[in-house]
Amino acid sequence: MNSSSTIHQLRETLIEWGRDNLRVYPWRETREPYHILLAEVLLHRTRADQVVPIYHRVLERYPTVHALAAAQLEDLADLLRSLGLHWRVPLLLEMAREVVSRFGGDIPASVEMLRTLPGIGLYIAAATSCFAFDRPEPILDTNTVRVLGRLFRLDVQESSRKSRKFRTIMAELLDRDRPRLFNLALLDLAALICTPAMPACHRCPLQSICLYGSQYATAK
Ligand code: SF4
């Protein structure tokens with residue numbers, strides 16, 4: 001559906017924008033797989049600004065996955081209490097214990113192996129595989145799918161982030177040489193510019209190749 005020149009332009013423009021505009025978070029300053037996997041678990045349905053202090057506190061108390069695996073459930077629950085979603089506490093502990101017992105404490109790099117861990121769904125597995133190991137994994141959530149839908153005028157449903165069609169398109173667009181930068185830039189463009197209610201097309205770097213954005217420019 002997309003010409004190779006459009007895909008090339010989209011990748012270059014998005015990554016260029018990302019170089020100057022990526023949001024700064026502590027889990028983006030590291031390539032330590034344990035830190036990144038922990039952050040992705042904490043970020044599940046939780047705002048990043050809420051996660052930052054808890055992320056630091058968990059790592060201070062449990063600096064390695066071995067330390068986390070040895071944690072007491074009640075202590076971990078206390079640390080994570082302010083984030084809500086209490087069901088993830090035992091899953092996080094179980095996940096750490098399985099990483100130690102099955103993988104010797106090494107976080108697996110592949111989406112397939114990550115998904116065998118307790119509480120790790122496709123999004124967290126893909127994000128960890130990409131951000132910690134630089135693997136070319138498409139990242140689909142409500143936000144990235146929204147951008148995709150607007151770029152190519154696709155009908156977006158709640159189920160689209162799980163659809164094969166959107167996954168195939170995202171995999172086609174993904175810059176396989178710079179997957180981490182590409183995915184971070186797309187996530188941040190969705191959060192900062194291509195927002196749900198009021199996309200700021202007038203300051204979007206992708207406007208000239210976006211079907212929704214071109215409409216906006218024509219209507220002005
Ligand atoms: S031009 Fe507008 S609709 Fe298209 S990606 Fe940018 S912000 Fe979203």
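Biologist: How much space lies in the largest pocket?
Modeller: About 1100 Å³. Keep in mind that this is a predicted model.
Biologist: Okay! Which residues lie nearest the centre of that pocket?
Modeller: Leu 43, Arg 45, Tyr 123, Asp 141 and Asn 143, out of a lining of 35 residues.
Biologist: And which helix gives the most to the lining?
Modeller: That's α11, with 5 residues. Other helices that each supply at least two lining residues include α2 (33-43) and α9 (142-151).
Biologist: What's the lining like by class?
Modeller: It has 15 nonpolar, 7 polar and 13 charged residues.
Biologist: Switching to domains, how is the chain divided?
Modeller: Into domain 1 (4-23 + 138-219) and domain 2 (31-133). Domain 1 comes in two stretches of the chain, as those bounds show.
Biologist: Where does the largest pocket lie relative to them?
Modeller: Both domains give residues to the lining, so the pocket lies between them.
Biologist: How far apart are the C-alpha centres of the domains?
Modeller: The centres of domain 1 and domain 2 lie 27 Å apart. As for contacts, 10 residues of domain 1 touch 7 residues of domain 2.
Biologist: Now the ligand! What kind of space does it take?
Modeller: The ligand takes up the largest cavity.
Biologist: Which residues surround it?
Modeller: Among them are Cys 194, Cys 201, Cys 204 and Cys 210, along with Arg 150 and Tyr 212. By class, the shell around the ligand has 7 nonpolar, 2 polar and 1 charged residues.

Conventions
Residues are numbered from 1 along each chain as its sequence is written. This is a predicted model: local features need pLDDT of at least 70, side-chain atom pairs count only at pLDDT 80 or more; totals for chains, interfaces and linings use all residues. Side-chain values use heavy atoms; hydrogens and water are left out. A residue is near a molecule or strand if one of its heavy atoms lies within 4 Å of it. On a 1 Å grid over the protein atoms alone, a cavity is a set of points where a 1.4 Å probe fits but cannot get out, and a pocket is an open set with protein on both sides within 12 Å along at least five of seven lines; lining residues have an atom within 4 Å of a point. A molecule sits in a cavity or pocket if more than half of its atoms lie within 2 Å of its grid points. Ala, Val, Leu, Ile, Met, Phe, Trp, Tyr, Cys and Pro count as nonpolar, Asp, Glu, Lys and Arg as charged, and the others, Gly among them, as polar. Grid points are joined across faces, edges and corners, and a volume is the space filled by probe spheres set on the points. Helices (H or I, at least four residues) and strands (E, at least two) are DSSP runs, numbered from the N terminus. Domain bounds come from an automatic or database domain assignment. Contact means heavy atoms within 4.5 Å.
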